[in-house]
Amino acid sequence: MSDSDAAAGRKKPNVPLGCCEGLNNVDYSKMDLIPIEEFIRHINFRDSSFCIAVIAIIFNPLFWNVVARWEHRTRGLSRCFGSPYLACCSLGLVIILLNVLRSHSMTVVMKTQARWEPMERTEVFYFGISLMVLGTLLVVSSFLALGFTGTFLGDYFGLLMDEKVTGFPFNLTENPMYWGSTANYLGLALIGASPVGLVLTAVVALAYKVAIRFEGPFTEQIYQQRNQRRKHQ
Ligand SMILES: *[C@@H]1O[C@H](CO)[C@@H](O)[C@H](O)[C@H]1NC(C)=O
């Protein structure tokens, strides 16, 4: 140790030493940022896996709407598979696979990008768990209420439900499957204290909102046509 080190040590004030050292570690530029900026700073929008996740989120509902409407217009899938039931089940399997890929790409981004400290709280964690329980309940119960073909756009294949399903969970919301799935992703983002997870969840919600706009009136029209045919018979 040189004399200058000792001299430097002596120059330090002896009373609030620990306090000063603490303050020296604070990055003042961060303190000036409002929380939203701080939040956005934790997200890398130029990350390629982020882009892949966004594409997967937007592609999925686009894919099943385009394919199902094409089937409704041309009966092309039913002819190809020899039966509407088989065609619908095949589309269902592809949709499940695409959704697994979407979930996977989203968890990859959440794991690789930064967590945000203010979100790393026990309350947030348990709120995330409750959202995932609620989301799973909504998804599973709507699947049980609709059945496989009802869940996977059977209406477009001519596999219509006898009556509109109005029991639980359809007495809570018109689209329990979509909002349940969104709740699952939101829960996952909260559990992982992941700002990018929240952004991706917002993209999911937006994609579903647009999908509902397209699907709602179209499905309604399919059932109206069926009811008119029934009247004529
Ligand atoms: C929905 O239906 C379930 C089961 O029948 C019932 O327990 C629940 O209270 C209903 N909810 C609403 C909002 O009507």
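Trainee: How are α9 and α10 oriented to each other, roughly parallel or roughly antiparallel?

Mentor: Two packed helices are described by the angle between their axes and the distance between the axes. Here, in a predicted model, helix α9 (residues 176–191) and helix α10 (residues 195–232) pack at about 175 degrees, with their axes 8 Å apart. The axes are lines fitted to C-alpha atoms, for helices over the stretch in contact, and angles run from 0 to 180 degrees between N-to-C directions. Angles under 35 degrees count as roughly parallel, over 145 as roughly antiparallel, 65 to 115 as roughly perpendicular and the rest as oblique. The pair α9 and α10 is therefore roughly antiparallel.

Trainee: Which residues of α9 and α10 meet?

Mentor: Two residues are in contact if their C-beta atoms, placed from the backbone, lie within 7 Å. From α9 come Tyr 178, Thr 182, Tyr 185, Leu 186, Leu 188 and Ala 189, and they meet Gly 197, Leu 198, Leu 200, Thr 201, Val 204, Ala 205, Tyr 208 and Ile 212 in α10. By class, this contact has 11 nonpolar, 3 polar and no charged residues. Ala, Val, Leu, Ile, Met, Phe, Trp, Tyr, Cys and Pro count as nonpolar, Asp, Glu, Lys and Arg as charged, and the others, Gly among them, as polar.

Trainee: What conventions apply to the numbering and to the confidence of the model?

Mentor: Residues are numbered from 1 along each chain as its sequence is written. Because the model is predicted, local features need pLDDT of at least 70 and side-chain atom pairs count only at pLDDT 80 or more, while totals for chains, interfaces and linings use all residues.

Trainee: How many helices and strands does the chain have?

Mentor: Helices (H or I, at least four residues) and strands (E, at least two) are DSSP runs, numbered from the N terminus. The chain has 10 helices and 0 strands. Among its contacts between residues at least 6 apart in sequence, 81% join residues at least 24 apart.

Trainee: Where does UniProt place the "transmembrane region" feature?

Mentor: The unreviewed UniProt entry gives residues 50–70, 82–103, 124–148 and 185–208. UniProt positions are given in the numbering used here, feature names are shortened, and annotations may be inferred rather than shown by experiment. The span 50–70 is 100% helix and 0% strand, with its end C-alpha atoms 30 Å apart. Residues 124–148 are also 100% helix and 0% strand, and their end C-alpha atoms lie 34 Å apart.

Trainee: Is Gly 135 buried or exposed?

Mentor: A residue is buried if 20 or more other C-beta atoms lie within 10 Å of its own, exposed if 12 or fewer, and partly exposed in between, with C-beta atoms placed from the backbone. Gly 135 is buried because 21 other C-beta atoms lie within 10 Å. Gly 135 sits in helix α8 (residues 122–151). Leaving aside neighbours within four places in sequence, Gly 135 is in contact with Gly 180, Ser 181, Ala 183, Asn 184 and Gly 187. The unreviewed UniProt entry lists a "binding site" at Val 133, Leu 134, Gly 135, Glu 215 and Gly 216. Gly 216 lies in helix α10, and with 12 C-beta neighbours inside 10 Å, Gly 216 counts as exposed. Of the 233 residues of the chain, 27% count as buried.
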